[in-house]
Amino acid sequence: MTAEHQRLKANSTKRVPLEQWGPYLSERQWGTVREDYSEWGDAWNYFPFQHAHSRAYRWGEDGLGGISDFFGNLCFSVALWNGKDHILKERLFGLGNNEGNHGEDVKELYYYLANLPTHYYMQFLYKYPQKRFPYEDLVEQNRNRSKLEPEYEILDTGVFDDNRYFDVYITYAKVNKKDIGIKIEVVNRATTTAPIIVLPTLWFFNRWQSRNMDQKPSIRYIDQPNVVKAHHERLGDYYLHYQQPDESLFTENETNTEKLFGIPNASVFVKDAFHDAIIEQKNRDALRNRKHGTKFAPVYALTIEGGASQTIYLRLSDVVIENPFTKGFTDVFDQRKKEEEEFYDAVLPAHITGDLKNIQKQALAGLLWSKQYYYYDIERWIGESDGVTATTERRLKGRNNDWQHLKNQDIILMPDKWEYPWYAAWDLAFHCVPMALVDPNFAKHQITLIMREWYMKPDGQLPAYEWNFSDVNPPVQAWSAFQVYKIEKRKTGKGDIQFLKKVFHKLIINFTWWINRKDPQGRNIFQGGFLGLDNIGVFNRSIQLHSHAKLEQADGTSWMGMYALSLMDIAIEIAMEDDAFEDSATKFFEHFVLIAEALNQLGMWNEEDQFFYDTLGLPDNTTIQLRIQSIVGLTSLFAVSVIGKKVFHKLEDFARRTGWFEHYRLKNNKFWPNEDKAEEETILLSLIPKDRLIALLKRLLNETEFLSEGGIRALSKYHEKNPYSVTIEGEHYSIQYDPGDSTSDFFGGNSNWRGPVWMPVNYLIIQSIKKFGKFYGATLSIEYPTGSGVYMELSEIAAELSKRVVSLFELDTNNHRKLHGDENWFYSRPENRNLVLFYEYFHGDNGSGLGASHQTGWTSLIAQLISDEEE
């Protein structure tokens, strides 16, 4: 057992398997639904970036490479000033949804370099220009670009062209659970000397403004020099030890009402006082002379020669330490770094290249950095004013008003702590799969958490995301739970049946909600709206058309087939130890068959195109097949399972019932998608029969259709020259292949499913093809790529698809990575060569990264994909 494994084992007995201190501080609190008290629900404009420096948040905090306790009470992060900007660099800058030509987008360079599940070692890198940061240029250029043009990024502005920037490494190494070493190393990448001011900042989340605590917390000096005491009625006492600064400043984490709203401040000690003091010399003496506050920073004015670096040490502890920065303290950073290396040597494949290991480690570091304190009580949020805007009747009946049971205050894995600093139900399910590689107990906790009574609606619906909790995401929780279970079982030799039992009961409630709400006619044909695939449809699938047209969704039906099959797999696994679950396995087996029958026989399969499509039922009882060749039709591949003879021998009633069901359906000429392999006493359960599997794979593996150099496209390249159009009751709709950024406004316009490569669906496709390959073996070979004349078994094809996806991230012989696209000039520099970004999706033709740049998040599935291929 490595040292980290020992710490994880100790945490496994906790109710919540979590360390008190970690990277739980968000990277963007402004522009969120939680901070929006406007009458019309205009979150981006109600609390914009320009307010973030001066206005106290009500539901959380944010910062640069920061940490907090697991209730977000006491926060620490780093602020910087290059001597030229009009504001301190306290948080990451990005565009709001209305400012970018493809919606919101962070415009910074930062990287998650290292992290351990217990956060005993963490490292974050931020690249800070020595020139004036191009805030106005980034806003103006992007605002003036059309959706058909690329985004204007910070590397396009020229501020990094001549290496005139600082690399700011923020490293945390815990001495123990409540004693955290902090190291800030600033490297001057230029050849000339440059100044920088560093403000390591400690502050309290402002709960007192909403009267959510009895006593206002405080930070104040104590008798020992270079130490402040932070006292909080719930957290207790903590002490920040810091090396000798040039000066120290105190203020309050309270809104500058005079600057924002023209209302006089009670004092000069407001949230943005450090900005004014450092940049404008305003009230600097008052802040220096103050002895207490709720926000504190020692100030270090550094002058760093070209190519050199300087280091600042701090220490946050629950006790006063007389000599906090001895040699033994600084050695902790080396020791924890060594423990981090030992841990990943133990959990990652041993015989992969150094580059692949680096990709895995950064993917998992990003996943661990994506833990965030998330606080949202909808009943309070709707019913109270923020002190700026009065509560109105419109708000009482507005966004999320039917979710007033939802009272979240937890550490949750975020899709991206800047672009998506809120959880999404199906994203979270994917996050848990790679999390199981390093911390299966936390992965299990997250899966269970989303189904607890302070999340799940009483009727069984799971919350989608804060912009609209009533939206519907694909129901992948059962699949995720079983994946996490199997990953842990492979690693430890023992499966957590109690976890499966616990989650199974909640999954049944949610499955029943789907049956009751999304199959209105009881035909096993399901709706669901956009189902997480923002602009995949020719029209917005979440909005009812102007008529009474009914959309029946191939993907909604396929996801439900996958759901039923996953529940069957879970029930079988439990029943092998507890036969009380055997009947449940039979129930979901039979339900799966009925869903498969509906998908294949009720008008979704097009014999001419050999593809599944959504169908639209019109008021005159006619139907239209929406002949768009997209991932919607390929989701039918995801529901596949192989049941072996061990199950049939052990579960006699299940074997008897499934045998009778098969005999009955075949005798009565009913649909039967499953296939037996009598000599091995195994059965293949699949939504689609073998001939349709082969037909779909021919399209999937065609480089002129779905297959790209970097994986499977979400929309076929066929639609590049053959756009699909349809006229419905006089309204014209069309869709075409868009391999890059979105050219539509659906769901904010910042995501595109009309051609790019997406990690989660590629992972599911590869996993499904592997399962088919396990069953068919050498008896089924498919041409790969289609038209090449080369035939492979399905397991070999799955491996080849994995290589294509991994190639997006790998260094080539020119020290380039496909995902860096036109920015490889910067990332091929020696100091940047090992830096990897994990984009939301990838260009369907050239593989360059698009959308959110730190989606670890589900793009961290690349770590699991690499491990899967090495097993």
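Predicted model: local features only at pLDDT ≥ 70, side-chain atom pairs only at ≥ 80, totals over all residues.
**Entry 1: helix H12**

I began with H12, which covers residues 425–438. I found a bend of about 25° at Cys-432, and I noted a proline, Pro-434, following within four residues. Is H12 enclosed or open to the outside? I counted 14 of its 14 residues as buried, so the rest of the structure largely encloses this helix.

**Entry 2: H12 against H14**

Next I looked up how H12 sits against helix H14, residues 477–492. Two packed helices are described by the angle between their axes and the distance between the axes. For this pair I have an angle of about 5° and axes 9 Å apart. The angle is under 35 degrees, so H12 counts as roughly parallel to H14.

Which residues make the contact? On the H12 side I listed Ala-425, Trp-426, Ala-429, Phe-430, Cys-432, Val-433, Ala-436 and Leu-437. On the H14 side I listed Gln-477, Trp-479, Ser-480, Gln-483, Val-484, Ile-487 and Lys-491.

**Entry 3: helix H14 itself**

I then checked H14 for length. Its 16 residues reach 22 Å from the first C-alpha to the last, close to the 22 Å expected at 1.5 Å a residue. Its buried residues include Gln-477, Trp-479, Phe-482, Tyr-485 and Glu-488. What do the buried residues of H14 pack against? I wrote down H12, H13, H15, H16, helix H23 (759–776) and H26. Just past the end of H14, I noticed that Gly-493 takes a positive phi of about 85°.

**Entry 4: helix H16**

H16 is one of the partners of H14's buried residues, and I gave it the length check too. It runs over residues 554–575, and its 22 residues should span 32 Å at 1.5 Å a residue. I found the end C-alpha atoms 31 Å apart, which agrees.

**Entry 5: Phe-442 in H13**

H13 also turned up among the partners of H14, and I picked Phe-442 from it, the helix being residues 440–449. Its relative accessible area is 0%, so I marked Phe-442 as buried. Beyond its sequence neighbours up to four places away, Phe-442 touches Pro-17, Leu-18, Lys-371, Ile-411, Leu-413 and Met-435. I also took the C-alpha separation to Ile-412, 30 residues away along the chain, and got 9.9 Å.

I found Gly-537 in the loop between helix H15 (497–518) and strand E20 (550–552). With a relative accessible area of 8%, Gly-537 is buried. Apart from neighbours within four places in sequence, Gly-537 contacts Ile-735, Phe-746 and Arg-754. Its C-alpha is 45 Å from that of Leu-80, 457 residues apart along the chain.

Asn-142 belongs to helix H4, residues 135–143, and is buried at 1% relative accessibility. Setting aside neighbours within four places, its contacts are Leu-95, Glu-99, Gly-100, Asn-101, Lys-107, Glu-151 and Tyr-152.

I closed with the backbone. Which residues have a positive phi although they are not glycines? I noted His-119, at about 65°, and Asn-669, at about 55°. His-119 lies in the loop between strand E6 (109–115) and strand E7 (121–129) and is buried, with a relative accessible area of 1%. Asn-669 is in the loop between helix H20 (652–667) and strand E26 (675–677), and it counts as exposed at 73% relative accessibility.

Where are the cis peptide bonds I looked up? One joins Tyr-784 and Pro-785, with omega about -15°; Pro-785 is in the loop between strand E32 (781–783) and strand E33 (791–793). Another joins Thr-856 and Gly-857, with omega about 10°. I placed Gly-857 in the loop between strand E35 (849–850) and helix H26 (861–870), and H26 is one of the helices that the buried residues of H14 pack against.

Technical notes:
Residues numbered from 1 in each chain as written. Heavy atoms only, no water. Bend = angle between axes of the 7 residues up to and from the residue. Helix = DSSP H or I, 4+ residues; strand = E, 2+ residues; numbered from the N terminus. Buried < 20%, exposed > 50% of the residue type's maximum accessible area, 1.4 Å probe, protein only. Expected span 1.5 Å × (residues − 1). Contact = heavy atoms within 4.5 Å. Axes fitted to C-alpha atoms, helices over the stretch in contact; angles between N-to-C directions. Parallel < 35°, antiparallel > 145°, perpendicular 65-115°, else oblique.
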